[in-house]
Amino acid sequence: MKKIKKLSCLVLSLTIAVLCAVPVMAEDNLPSTGLIWDTWESYLENMNINTLYALTTQRKGDINGDGTITAADARLCLRAAAQLEELTEPQIDAADVNNKSGITSADARKILRISAGLDASENMTVETTADWGFIIGPLNGSGSGQYYWQCEIDYEGLSVTQESIDTPEGVDGASAKTFFVFTPEKPGKYTVTLKLADSKQENVVDEFQVNILVNAEVVNISQGEQFIVDGLKNAGSGRYNWKCTVVPAAGVTVTERTINNDTPADGAPIEQVFTFTGNKAGEYQVHFELVATNESTVINEFYLDIIVV
């Protein structure tokens with residue numbers, strides 16, 4: 001079986017080399033974005049095909065945006081590496097599978113191996129702030145609607161809605177393009193699992209995971225002023241507690257206190273409150289971690305930037 005897979009990969013490589021000399025027509029002539037708003041809420045209220053495509057993050061390796069990773073994506077990547085194909089910004093991010101800030105033949109080879117089942121696709125990573133969201137898509141269903149993309153989130157604090165673009169008339173058996181729109185409700189680290197499956201999820205055709213890091217917004221304070229971060233609750237009956245690290249360490253004083261529940265119960269989480277006082281002008285990065293006592297296991301985290309003027 002291993003020899004057959006290697007032979008298949010070689011055949012696909014030769015196919016790409018031949019195809020790379022053939023001009024490729026763009027799949028869609030997407031409209032210009034026309035984005036004029038500056039808040040995430042504005043985009044949510046005016047969501048349309050322009051904003052969906054302009055703000056979307058495509059699946060790593062899925063350059064043509066059909067939701068799957070195939071030899072066609074490797075071909076597009078190879079042509080882009082040879083400057084024979086011009087990609088959009090979401091496509092460029094999707095093509096850079098080795099995360100080395102540039103599209104090369106190594107990315108194309110990686111995509112090809114993933115499509116052939118020789119390599120596993122790595123988890124995507126998306127970083128955003130608490131006042132801004134993100135979109136993942138487009139993802140196509142399969143089986144004339146029998147299999148469709150579904151979303152699971154491991155931690156509360158990240159809401160999701162679903163948007164679809166219908167298939168053009170006259171295309172039999174094709175499914176709508178699905179976009180998942182995520183809106184952070186609080187900072188933290190989340191893992192999103194996207195599955196192409198039937199309604200009962202008994203048959204999973206495809207799936208991938210996205211690691212989400214939602215940071216707090218940038219805070220500006222004057223010297224001597226304070227900023228408070230509250231609403232952080234410990235976990236595991238107190239086994240996991242929030243701690244913070246400030247870099248550089250000097251210039252900001254951090255004090256911590258806890259708030260007990262009005263109706264305490266065994267194992268109920270306790271709120272931790274952190275107060276930051278600006279002592280010296282500068283920029284400081286605060287790293288919050290929900291970590292087990294006397295252990296290095298981190299189950300949640302986020303960052304906060306403080307500028308003292």
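Between which strands does the loop that holds Pro-248 lie? Pro-248 sits in the loop between S11 and strand S12 (252-259). The legends below describe close-up views of a predicted model.

Figure 1. Pro-138 belongs to strand S3 (residues 134-140), whereas Pro-248 is placed in a loop.

**Figure 2. The largest nonpolar core, with 20 residues.** Leu-232, Trp-242, Phe-276, Val-286, Phe-288, Leu-304 and Ile-306 have the most contacts inside this core. Two or more residues each come from strand S9 (219-221), strand S10 (226-233), strand S11 (240-247), strand S13 (271-278), strand S14 (282-292) and strand S15 (298-308). S14 supplies the largest share, five residues. Apart from this core lies another, of 18 residues, which includes Ile-136, Leu-158, Val-192 and Val-210.

**Figure 3. Contacts of Leu-232.** With neighbours within four places in sequence left aside, Leu-232 is in contact with Trp-242, Ile-270, Glu-271, Gln-272, Phe-274, Phe-288 and Phe-302. Leu-232 is also one of the residues nearest the centre of the second largest pocket.

**Figure 4. The second largest pocket, with a volume of about 330 Å³.** Its lining comprises 18 residues, and Lys-186, Pro-187, Asp-230, Gly-231 and Leu-232 lie nearest the centre. S10 and S15 are the elements that give two or more residues to the lining. S10 gives the most, with seven residues. By class, the lining has eleven nonpolar, two polar and five charged residues.

Figure 5. Not counting residues up to four places away in sequence, Thr-275 touches Gln-226, Phe-227, Ile-228, Thr-253, Val-254 and Thr-255.

**Figure 6. Positive phi at Gln-83 and Gln-201.** Phi of Gln-83 is near 60°, and phi of Gln-201 is about 55°. Neither residue is a glycine. Gln-83 lies in the loop between helix H4 (71-81) and helix H5 (89-95). Gln-201 lies in the loop between strand S7 (188-197) and strand S8 (204-215). Gln-83 is exposed, because its relative accessible area is 73% and the cut-off is over 50%. Gln-201, at 26%, is partly exposed.

Note on methods. Residues numbered from 1 in each chain as written. Predicted model: local features only at pLDDT ≥ 70, side-chain atom pairs only at ≥ 80, totals over all residues. Heavy atoms only, no water. Core = buried A, V, L, I, M, F, W, Y, C linked by side-chain atoms within 4.5 Å. Buried < 20%, exposed > 50% of the residue type's maximum accessible area, 1.4 Å probe, protein only. Helix = DSSP H or I, 4+ residues; strand = E, 2+ residues; numbered from the N terminus. Contact = heavy atoms within 4.5 Å. 1 Å grid on protein atoms, 1.4 Å probe; cavity = no way out; pocket = protein on both sides within 12 Å on 5 of 7 lines; lining within 4 Å. Points joined across faces, edges and corners; volume = space filled by probe spheres on them. Nonpolar A, V, L, I, M, F, W, Y, C, P; charged D, E, K, R; others polar.
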